[in-house]
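Hello,

Here is the structure I promised to pass on. My notes on helix packing and salt bridges follow below it.

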Amino acid sequence: MNNKQYETVFIITPVLSDEQMRDTVEKFRKVLTDNGAEILHEENWGLKKLAYPIAHKNSGFYQLLEYTAPVNVINTLHTEFSRDERIMRYLTTNLDKYAAEYNEKRRKGLIGKKKETKTVEKED
């Protein structure tokens, strides 16, 4: 089977409780794993302000899933997103080898760290 690496970010409506939000994320994680995907990484970015209102809401819960999956799984995932009223927006990106490598370095903390600078104190 030809698996590719993907990254999906989706926004969940802010009117849900924490438990309902976790159940929503679990539902889509299960859609992926039941269809042969392997979850590599996931991040909950929490409640964030939207750049523009969506359905009269100014904020939403952001969730990121990074996974490898067969190509046909993406259509199934997008169908499930579009049927679920709790999902405000979603975006899936096919990661090439450079993006996958970048994400792995970011997860390990090798990217985004500030370099430490040495300060030299003068002695009189």
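Is Arg86 buried, partly exposed or exposed? Arg86 is partly exposed, with a relative accessible area of 26% (buried means under 20%, exposed over 50%, partly exposed in between; 1.4 Å probe, protein chains only).

First, the ground rules. This is a predicted model, in which local features need pLDDT of at least 70 and side-chain atom pairs count only at pLDDT 80 or more, while totals for chains, interfaces and linings use all residues. Residues are numbered from 1 along each chain as its sequence is written, and side-chain values use heavy atoms, leaving out hydrogens and water.

Salt bridges: the structure holds 11 (a side-chain nitrogen of Lys or Arg within 4 Å of a carboxyl oxygen of Asp or Glu).

- Arg86 pairs with Asp84 at 2.8 Å, N to O. Shared partners join Lys27, Glu80, Arg83, Asp84 and Arg86 into one network. Asp84 is buried, at 8% relative accessibility.
- Glu66 bridges to Arg107, with the closest N and O atoms 2.8 Å apart. That pair links distant parts of the chain, 41 residues apart. Glu66 is buried at 0%; Arg107 is partly exposed at 31%.
- Asp34 bridges to Lys30, with the closest N and O atoms 3.0 Å apart. Asp34 is exposed at 54%.

Helix packing: H1 (residues 18-34) and H2 (residues 72-83) pack at about 155°, axes 10 Å apart (helices are DSSP runs of H or I, at least four residues, numbered from the N terminus; axes are lines fitted to C-alpha atoms over the stretch in contact, and angles run from 0 to 180 degrees between N-to-C directions).

Best wishes

Definitions and conventions. Helices (H or I, at least four residues) and strands (E, at least two) are DSSP runs, numbered from the N terminus.
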